[in-house]
Amino acid sequence: MVHHPDTPMTGHPHPLRRLARWLDAPLPAPPEALRRGPMRPGRFTSAVRSPGLTSRLGIALGVAFAVCFVTGVVSHLVQQPPGWFWWPSRPVGLYRFTQGLHVATGLATVPLLGAKLWSVYPRLFTWPPIRSVAHAAERASVAVLVAAALFQVVSGVLNVARWYAPMPFFFTSAHYWVAWLAVGALLTHIGVQLPVVRDALAPDPAGPPRRGLPATGTADPDRDEPAHEPTLDGRPAADAAEPDHEEPAHEPTLDGRPAANTAEPDHHEPAHHGRPAAAAAGPDHGGLSRRGVLAAVGTAAGLITVTTVGQTVRPLSGLAVLAPRLPQVGPQGLPVNATATGAGVAELVRDPGYRLALTGARRSLSLDLPGLAALPQHTADLPIACVEGWSASGRWTGVRLRDLVALAGDDPDDATVLVESLQAGGRYRSTTVPPSHARDPLTLIALRLGGEPLHPDHGYPARLIAPNRPGVLQTKWVGRITVLEVR
Ligand SMILES: Nc1nc2c(c(=O)[nH]1)N[C@H]1C(S)=C(S)[C@@H](COP(=O)(O)O)O[C@H]1N2
Ligand SMILES: [Mo]
């Protein structure tokens, strides 16, 4: 026998190795009498479920989730920028793109996640429910992943639909923090399952390249048994002599590949499964093939995308039957989230005594509407890009924010500006404009939209509109502008 490198000469195993062994030690099996309902042998007979299908769905889901996560974190950072974060004012539509992608990938996740969970849910009833401490930990991490992923998808869809009643929490914070939980659990999951995925997607060395459903039993028709399950570290259980693993042939070796012939892992399907071998029959089984499932899921994801992405991609707006907002529908041809009435400013904005209070380090001014209109007017085509996924371009006309900073006696190239609404409360009644955006000549205190005075719902008498900024930061009904600091 070859001396194992991590066993010291003394004969005492390495502490880590002892820990690994403890984690993987078989726990006493629960009484067979409890093996009922979904846990009874042979309960799940679909020939379509297989590591191959689950792996493919998992990869698609992982890619969608990664894009969704990165764009979501960007959106969070833009809205609550930490000191180190810098977000440019150009290209003007960058946020429109990243947030459109965030919502589109999030929505496409719905059928992907549904199919992925369907493909593995029999494993919920795996027997015995817990084989070892390591197995329990792995199952717990999967539970966290499933719960977090479902939470993200459901809360995201509710937010897009603007249905807040089922969410007794502040959506933005919850969605942000659970995203980190989901990513942590996902990375753990990927680490644990990578050898299984690699095995499931490996080309068949013994035969022709695999296409669709293999005729041989490669597909592991019914993953309700822990066939390929690696241990927590993805390695075979300690000392390989473990009798508790029902299918030792499937245990990945150190390089993560199954020790047995990769081509036919399921020929070792143990008899105690009590399942008819016909479950592996594939196409003549009468149900959908794996290809059929993948095609259906892809079609569903495609349909969801095509029927919603028009909320931000203007040429597709005619197809956006599932989108809660259409880019051209609303007063002055632009959607509205918060109306003047909803924000409680309907009376206030019509007040002929309206004044914009402008305060700088050296000067304070009070500008009425004719006074604002008498300042140099500029026009910019800029989108409102709502975090909820819709976006729409408008032609805005008004006074440059940098001109107002200069009027207050401060350096327009280096000013941080606080813009406040007439609105008494609400999360979006004020915003801080960093120097990158305050100095941009496209950043306006707009008085007009499409050549007309702003509709009250779009922020009459004056609103902020800046390039490459989330809609929530485009403050409407502006009543006060303060130059906070000049570097
Ligand atoms: N004062 C104030 N400004 C606001 C809001 C608000 O609730 N209060 N909502 C914001 C949001 S979420 C968006 S998407 C844009 C929408 O602008 P619009 O209604 O003109 O399309 O306004 C922003 N400005
Ligand atoms: Mo928004």
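1. A salt bridge is taken here as a side-chain nitrogen of Lys or Arg within 4 Å of a carboxyl oxygen of Asp or Glu. By that criterion, the side chains of Arg162 and Glu388 form a salt bridge, with N and O 3.2 Å apart. Arg162 belongs to the loop between α4 (133–160) and α5 (171–201), and Glu388 to the loop between β3 (378–385) and β4 (391–400), so the pair ties together parts that are 226 residues apart in sequence. The model under discussion is a predicted one.

2. Arg162 is partly exposed, at a relative accessible area of 31%. Glu388 has a relative accessible area of 6% and is buried, since the limit for a buried residue is under 20%.

3. Asp381 and Arg395 are joined by a salt bridge whose closest N and O atoms are 2.7 Å apart. This pair links distant parts of the chain, with Arg395 in strand β4 and Asp381 in strand β3, 14 residues apart. Asp381 is partly exposed, its relative accessibility being 45%.

4. Glu420 and Arg429 also meet through their side chains in a salt bridge, at 3.4 Å from N to O. Glu420 is buried, with a relative accessible area of 16%.

5. A polar backbone atom of Pro335 is 2.6 Å from an oxygen atom of the ligand. For Gln423, a polar side-chain atom lies 2.8 Å from a nitrogen atom of ligand 1. In the case of His458, an N or O atom in the side chain is 2.6 Å from an oxygen atom of the ligand. Taken alone, ligand 1 exposes 530 Å², and the protein buries 96% of that area.

6. In an unreviewed entry, UniProt lists residues 57–79, 99–121 and 142–165 under "transmembrane region". Residues 57–79 are 100% helix and 0% strand in the model, with the end C-alpha atoms 32 Å apart. Over residues 142–165 the chain is 79% helix and 0% strand, and the end C-alpha atoms are separated by 28 Å.

Methods
Residues numbered from 1 in each chain as written. Chains lettered and ligands numbered in written order. Predicted model: local features only at pLDDT ≥ 70, side-chain atom pairs only at ≥ 80, totals over all residues. Heavy atoms only, no water. Polar contact = N/O pair within 3.5 Å; in protein donor to acceptor, adjacent residues only side chain to side chain. Areas by Shrake-Rupley, 256 points an atom, 1.4 Å probe, with all protein chains shown as cover. UniProt positions renumbered as here; feature names shortened; annotations may be inferred. Helix = DSSP H or I, 4+ residues; strand = E, 2+ residues; numbered from the N terminus. Buried < 20%, exposed > 50% of the residue type's maximum accessible area, 1.4 Å probe, protein only.
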